[in-house]
Amino acid sequence: MKYSVVIPVFNSEKIVGHTIDNVVSFFRDKNLDFDVILVNDGSKDQSWEIISKKAKEYPELTAINLLHNYGQHVANLCGFCHARGDYVITMDDDMQNPPEEIEKLIACAASGHDLVIGEYIKKKHSLVRRLGSKIVRFLIRKIFFSPKNIALSNFRIIRRDVIDRVCGHKSGYPYIPGLLLMYSSNVANVQVKHRERQAGKSNYRFRQIFNLVTEILFNYSSYPLRLVAGMGIIVAFFSFFLSLFYIMKAIFVGVDVPGWTTVVVLLSFFNGIALLILSMLGEYVVRSLTQTSQKEVYHIKEIIRG
């Protein structure tokens, strides 16, 4: 049995070397067959220099340098596509996921689960990230039909067949937690420790969380378009009754300005219909774009293998 560990790296020069040493030590101490895929996601500091040096030091390591900063989910997808293990483990680069906790993931996966997600006994994330996680978790349950009792995190182990399905998914905007839930059938949680961040600051800010929420909404659901479609229907009905009102007023009361009734009726009715038509067209356009998106979501600048 071989295990591949995928670690997205971004601006973590102060801690990523320590993370790598601890992960390698864990697997060697347990005498497990493994490899580690480190994906540098456009870091602006010395992260690439550190992981590329480590890749030359440890034969189990593969260091991948992406051309630009594509985001954590794309970096994970890149790692999936280069993983060779029977199981793939994902974790953060900042030692908040203790490598010794990997043993719990492996033990749970051995009981037959194709996706095991670490459930933190006590989260050590910032307040902004915890609030953002609650919003994202709500959306995932609605869009990907995630079981209510399943907690999500980036610390998880995935069976090979699930990884292959995710890598075969064609989308310009991969959202890894959602895709893993979509392509797995036996999901479980296992409680794990979560450490305080030992160095640097979290890369998750309000802007990143907002972008993630909009990405999930507009690429994996039609909720925004359905909302607009509903508004269009309401406006169309309102316009219809408003039109009846002005027609009845013109018949029984009369109007002071000739042509006023006709203008109001036509503008109200056709504007409502226009909103309804645009909403329906938008629904079809988004569905078509989602199904036909085939572009490369990332480009690799350099690969160094141990």
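**Exercise 1.** What percentage of the 306 residues in the protein do buried residues make up?

*Solution.* The model is a predicted one, and in it buried residues make up 48% of the 306 residues. As for secondary structure, the protein has ten helices and eight strands. Turning to contacts with a separation of 6 or more, 84% of them are accounted for by residues 24 or more positions apart.

**Exercise 2.** Determine how helices α1 and α2 are oriented relative to each other, and name the residues through which they meet.

*Solution.* Begin with the general principle that two packed helices are described by the angle between their axes and the distance between the axes. For α1 (residues 16-29) and α2 (residues 47-57), the angle is about 25 degrees, and the axes lie 9 Å apart. Since angles under 35 degrees count as roughly parallel, this makes α1 roughly parallel to α2. The next step is the handedness, and the crossing of α1 and α2 is right-handed. Finally, on the α1 side the contact involves Val16, Gly17, Ile20 and Asp21, which meet Ile50, Ile51 and Lys54 of α2. Sorted by class, this contact of α1 with α2 comprises four nonpolar residues, one polar residue and two charged residues.

**Exercise 3.** Find which residues of helix α6 are buried, work out how they are placed around its axis, and list elements that cover them.

*Solution.* In α6, which spans residues 160-168, the buried residues are Val162, Ile163 and Val166. Around the axis they cover an arc of only 100 degrees, and therefore they lie on the same side of α6. The elements that cover these buried residues include the helices α3 (72-82) and α7 (176-182), together with the strands β4 (87-90) and β6 (156-159).

Terms used. Residues are numbered from 1 along each chain as its sequence is written. This is a predicted model: local features need pLDDT of at least 70, side-chain atom pairs count only at pLDDT 80 or more; totals for chains, interfaces and linings use all residues. Side-chain values use heavy atoms; hydrogens and water are left out. Buried means under 20% relative accessible area, exposed over 50%, partly exposed in between (1.4 Å probe, protein chains only). Helices (H or I, at least four residues) and strands (E, at least two) are DSSP runs, numbered from the N terminus. The arc is that of the directions from the helix axis to the C-beta atoms. Contact means heavy atoms within 4.5 Å. Axes are lines fitted to C-alpha atoms, for helices over the stretch in contact, and angles run from 0 to 180 degrees between N-to-C directions. Angles under 35 degrees count as roughly parallel, over 145 as roughly antiparallel, 65 to 115 as roughly perpendicular and the rest as oblique. A crossing is left-handed if the near helix is turned anticlockwise from the far one by less than a right angle, and right-handed if clockwise. Ala, Val, Leu, Ile, Met, Phe, Trp, Tyr, Cys and Pro count as nonpolar, Asp, Glu, Lys and Arg as charged, and the others, Gly among them, as polar.
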